[in-house]
Amino acid sequence: MPVIDLAVTPLRDLNSALHAIPPGPNDIAFEVVNPRGSHSVAVGIDAPVAVDVKGSVGYYCAGMNDGGSVTVHGSAGPGVAENMMSGKVVIEGDASQYAGATGRGGLLVIKGNAASRCGISMKGIDIVVHGNIGHMSAFMGQSGHLVVLGDAGDALGDSLYEAKLFVRGTVKSLGSDCIEKEMRPEHLSKLAELLERAGVKGVRPEEFKRYGSARKLYNFNIDNADAY
Amino acid sequence: MSYHNPYTPPRKSATFDDYTLAEIRRAAATGIYDIRGAGTKRKVPHFDDLLFLGASISRYPLEGYREKCDTTVTLGTRFAKKPITLKTPITIAGMSFGALSGPAKEALGRGATIAGTSTTTGDGGMTDEERGHSQTLVYQYLPSRYGMNPKDLRRADAIEVVVGQGAKPGGGGMLLGQKISDRVAEMRTLPKGIDQRSACRHPDWTGPDDLEIKILELREITDWEKPIYVKVGGARPYYDTALAVKAGADVVVLDGMQGGTAATQDVFIENVGMPTLACIRPAVQALQDLGMHRKVQLIISGGIRSGADVAKALALGADAVAIGTAALVALGDNDPRWEDEYRKLGTTAGAYDDWHEGKDPAGITTQDPELMKRLDPIAAGRRLANYLKVMTLEAQTIARACGKNHLHNLEPEDLCALTIEASAMAQVPLAGTSWIPGKGGF
């Protein structure tokens with residue numbers, strides 16, 4: 001297993017090594033030590049490689065991940081797994097703002113709390129947060145699932161499109177055009193699958209409430225102007 | 001003797017003119033602000049208010065057809081491993097698939113490629129047709145991130161981080177439901193037929209310090225190969241340019257208020273942002289103050305129409321220009337051949353700006369399959385190439401007359417201004433004087 005020590009190895013060497021993995025099945029695993037809050041750790045992965053980061057990272061860790069499996073044994077700065085295409089990213093600690101922003105696929109698991117704007121503009125990613133999420137999460141979320149085992153902050157799902165939100169705890173407030181919706185069997189089934197994939201034990205899908213778009217702002221109407 | 005009161009003609013208000021009155025009535029009737037495409041229509045100081053001095057006893061010209069006047073420009077020399085070199089400094093600005101039809105995007109790629117320049121994606125992602133027909137393609141990185149993915153980042157020739165645009169500095173994108181076809185909806189991960197609102201801020205960074213980290217991420221993802229542009233609307237050009245340089249940009253793109261948009265509120269287009277002419281010198285000054293002029297390249301856009309405009313922008317310190325509206329006109333936008341249909345839409349050729357409605361008779365700003373067929377991408381691409389070549393020749397003609405063997409050798413000293421306003425903005429003397437307002441002396 002290649003071990004990259006970011007205390008002595010430039011970030012460029014790490015990312016270029018991750019980009020140099022040949023196409024096709026492989027079981028290459030990397031370990032990154034001494035990340036010390038470095039930005040852009042393990043970005044642009046486009047192969048099924050595993051990366052274990054031993055420590056906390058700065059901005060955009062695992063950005064645009066496409067098929068990799070990245071685990072951060074610490075906390076993550078803003079924009080972790082932003083625009084992820086596929087693969088899996090696990091944060092053992094907390095995540096800062098914009099976790100999973102604009103993600104298109106894959107699974108992001110945050111075992112601690114996530115700050116504001118978690119899942120902003122999400123476009124297909126699945127996000128499971130074991131703790132709480134901050135305000136304006138899933139803002140303009142277009143597609144995908146955001147699962148929160150704890151509480152959600154203000155303005156959850158503001159200007160939401162078709163992303164589906166599941167919250168087990170309280171929601172401080174809902175954003176414009178976001179409403180609580182009926183939990184149907186297909187939602188319970190999807191939720192059970194997501195909880196299992198995220199390694200959540202002892203929590204039942206029935207404990208969650210579902211939130212989604214009221215779709216009242218999809219086409220402009222002057223009488224809805226107060227909601228914009 | 002009785003007084004005879006002569007006829008007094010009706011007097012209309014200059015403040016409440018016919019257009020203003022009609023707008024008040026329209027707003028009262030519909031309850032919605034006017035949305036339209038294109039850039040500002042108000043008259044603002046522009047390149048028309050500048051003149052070249054040409055050669056004289058103190059400067060000698062180059063022979064028109066025998067002495068070379070180079071037009072090449074290389075963009076991205078600061079950090080990128082693979083800077084791009086263009087045969088002409090006239091590039092095609094970002095315009096989205098969605099706002100424009102597929103054939104229109106293809107035509108832009110074809111025309112730019114023939115002319116040896118770049119074209120640019122827009123707020124809708126990169127299409128295969130566009131990539132395939134564009135030898136040099138700049139991939140926009142926008143707040144919406146519609147269609148954004150690392151494969152397209154890597155197959156682009158340059159990346160343009162869009163902070164703002166001249167038609168609406170501080171505003172996001174807008175694509176109304178009637179243009180959201182199945183393909184557009186799929187590319188943007190949105191339901192068909194809804195009004196698409198693009199965010200005005202990026203979702204995962206705010207401010208210049210974050211931008212620096214974002215640019216680092218983009219460079220790491222693309223292995224430091226691609227030039228990274230930062231595009232801003234004409235608002236605070238000195239500070240925006242300085243901050244873009246600080247954040248690590250290879251190229252700054254500065255778009256004045258004459259720059260077009262696919263759809264925005266008319267009140268925004270007409271009342272926010274600065275004229276292109278007012279933006280150039282502060283941006284160049286910022287680059288010079290940082291020792292980065294010609295190291296970080298400056299691309300100017302917003303109302304570029306002719307080789308004279310190109311030459312003037314370059315003389316004021318730009319490295320290249322970008323055209324959008326003019327490129328669409330070259331493709332066939334607002335062509336009088338469709339006058340009967342423009343009339344049916346309540347407008348006339350040359351004034352049609354309801355690009356957001358998707359009913360473009362010329363088949364350019366539409367997703368209607370029947371209207372799209374009207375634009376032959378090969379013929380339209382050829383027209384664009386012709387236009388680009390003519391503009392390049394025009395700029396060379398002027399540069400040679402000023403004794404310059406490269407367009408980049410044009411300088412402010414080659415210019416004078418026709419108006420006090422243009423003199424102040426371009427910081428070149430009022431014609432016949434040595435006076436520049438704000439610079440002292442007379």
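Predicted model: local features only at pLDDT ≥ 70, side-chain atom pairs only at ≥ 80, totals over all residues.
Trainee: How many residues of chain A are in contact with chain B?

Mentor: In general, the size of an interface is often given as the accessible area lost when the parts come together. Here we have residue counts: 36 residues of chain A are in contact with 21 residues of chain B. On the chain A side, the elements that give two or more residues are α1 (11-19) and β7 (123-129). The largest share, four residues, comes from α1(A). By type, the residues on this side of chain A divide into 15 nonpolar, 15 polar and six charged.

Trainee: Turning to chain B, in which order do the strands of the open sheet stand, and is the pairing parallel or antiparallel?

Mentor: In general, strands of a sheet pair through backbone hydrogen bonds, either parallel or antiparallel. In chain B, eight strands form an open sheet in the order β5-β15-β14-β12-β11-β8-β7-β6, and the pairing is parallel. At the edges of this sheet stand β5 (90-92) and β6 (118-120) of chain B; each has a single partner strand, so one side of each is left without a neighbour in the sheet. From one strand to the next, the twist averages 30°.

Trainee: Which strand pairs with β5(B), and over how many bridges?

Mentor: The partner of β5(B) is strand β15 (residues 320-323) of chain B, and the two pair in the parallel sense over three bridges. One residue pair to look for is Thr91(B) with its bridge partner in β15(B), Ala322(B).

Trainee: Which strands does helix α6 of chain B lie across?

Mentor: Helix α6 (residues 207-221) of chain B lies across β7 (136-141), β8 (158-162) and β11 (228-233) of that chain, and runs at about 145° to β11(B). Helix α7 (residues 237-246) of chain B also packs on the sheet, where it touches β11 and β12 (251-255) of chain B. The direction of α7(B) makes about 155° with that of β12(B).

Trainee: How many residues of α7(B) are buried?

Mentor: Seven of the ten are buried, so α7(B) is largely enclosed by the rest of the structure. Among them are Pro237(B), Asp240(B) and Leu243(B). The buried residues of α7(B) pack against α6, β11, β12 and α9 (276-289) of chain B. After α7(B) comes Gly248(B), with a positive phi near 105°.

Trainee: Does α1(B) lie largely in the open or enclosed, and what is its length?

Mentor: The number of buried residues among the 13 of α1(B) is zero, so α1(B) lies largely in the open. Helix α1 (residues 18-30) of chain B reaches 18 Å from its first C-alpha to its last, close to the 18 Å expected at 1.5 Å a residue. Just after α1(B), Gly31(B) has a positive phi of about 75°.

Methods:
Residues numbered from 1 in each chain as written. Chains lettered and ligands numbered in written order. Pairing = 2+ DSSP bridges. Axes fitted to C-alpha atoms, helices over the stretch in contact; angles between N-to-C directions. Contact = placed C-beta atoms within 7 Å. Buried ≥ 20, exposed ≤ 12 C-beta atoms within 10 Å, placed from the backbone. Nonpolar A, V, L, I, M, F, W, Y, C, P; charged D, E, K, R; others polar. Expected span 1.5 Å × (residues − 1).
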